[in-house]
Amino acid sequence: ASAAVKLGFGELYKSFGPLGLEFSDKVKQLSGQEIAISGFMAPPLKAEAAFFVLTEIPMSLCPFCSSDADWPDNIMVVYLS
């Protein structure tokens, strides 16, 4: 079995456009493959959510709780099966 590809938060996105952040070419090439990324679970929006947000640095508040905040470029949403 092959090992998971390691990915860093700085490798997630390529650019920011009218539709938001665009995934990097590396991320697009890894589609469907197993990856490994280390981070911190951010506090959930609600306890019964079927996903969590992984952040590059520890956060004491949900990254979306401030209405004037932009989508951070150092997070990833992880959906649970």
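Predicted model: local features only at pLDDT ≥ 70, side-chain atom pairs only at ≥ 80, totals over all residues.
Residues are numbered from 1 along each chain as its sequence is written, and side-chain values rest on heavy atoms, with hydrogens and water left out.

With a salt bridge taken as a side-chain nitrogen of Lys or Arg within 4 Å of a carboxyl oxygen of Asp or Glu, the count comes to four. One of these salt bridges joins the side chains of lysine 26 and glutamate 11, with an N to O distance of 2.8 Å. Since lysine 26 belongs to helix α1 (residues 25-29) and glutamate 11 to the loop between β1 (5-6) and β2 (13-17), the pair ties together parts that lie 15 residues apart in sequence; helices (H or I, at least four residues) and strands (E, at least two) are DSSP runs numbered from the N terminus. Accessibility was classed as buried under 20% relative accessible area, exposed over 50% and partly exposed in between, with a 1.4 Å probe and protein chains only. On this scale lysine 26 is partly exposed at 32%, and glutamate 11 is likewise partly exposed at 31%.

Glutamate 22 takes part in two of the contacts described here, with closest N and O atoms 3.8 Å apart in its salt bridge with lysine 14 and 3.0 Å apart in its salt bridge with lysine 28. Relative accessibility is 30% for glutamate 22, 48% for lysine 14 and 44% for lysine 28, and each of these residues counts as partly exposed. Through salt bridges that share partners, Lys14, Glu22, Asp25 and Lys28 are joined into one network.

A pocket was defined on a 1 Å grid over the protein atoms alone, as an open set of points where a 1.4 Å probe fits, with protein on both sides within 12 Å along at least five of seven lines; its lining residues have an atom within 4 Å of a point. The largest pocket holds about 300 Å³ of space, a volume being the space filled by probe spheres set on the grid points, which are joined across faces, edges and corners. The lining comprises 15 residues, of which Leu12, Tyr13, Phe23, Val27 and Met76 are the closest to the pocket centre. Two or more lining residues come from each of β2, β3 (20-23) and β7 (75-79). By class, 13 of the lining residues are nonpolar, two are polar and none is charged, where Ala, Val, Leu, Ile, Met, Phe, Trp, Tyr, Cys and Pro count as nonpolar, Asp, Glu, Lys and Arg as charged, and the others, Gly among them, as polar.

The rings of tyrosine 13 and phenylalanine 23 are stacked, because their centres are 5.6 Å apart and their planes stand at 15°. This pair ties together strands β2, which holds tyrosine 13, and β3, which holds phenylalanine 23, the two residues being 10 apart in sequence. Tyrosine 13 is buried at 19% relative accessible area, whereas phenylalanine 23 is partly exposed at 44%. The rings of phenylalanine 51 and tyrosine 79, with centres 5.9 Å apart and planes at 50°, form a tilted pair. Here the link runs between distant parts of the chain, from phenylalanine 51 in strand β6 (residues 51-55) to tyrosine 79 in strand β7, 28 residues apart. Phenylalanine 51 is partly exposed at 26%, whereas tyrosine 79 is exposed at 65%.

How values were computed. Phe/Tyr/Trp six-rings, centres within 6.5 Å; stacked < 30°, edge-to-face > 60°.
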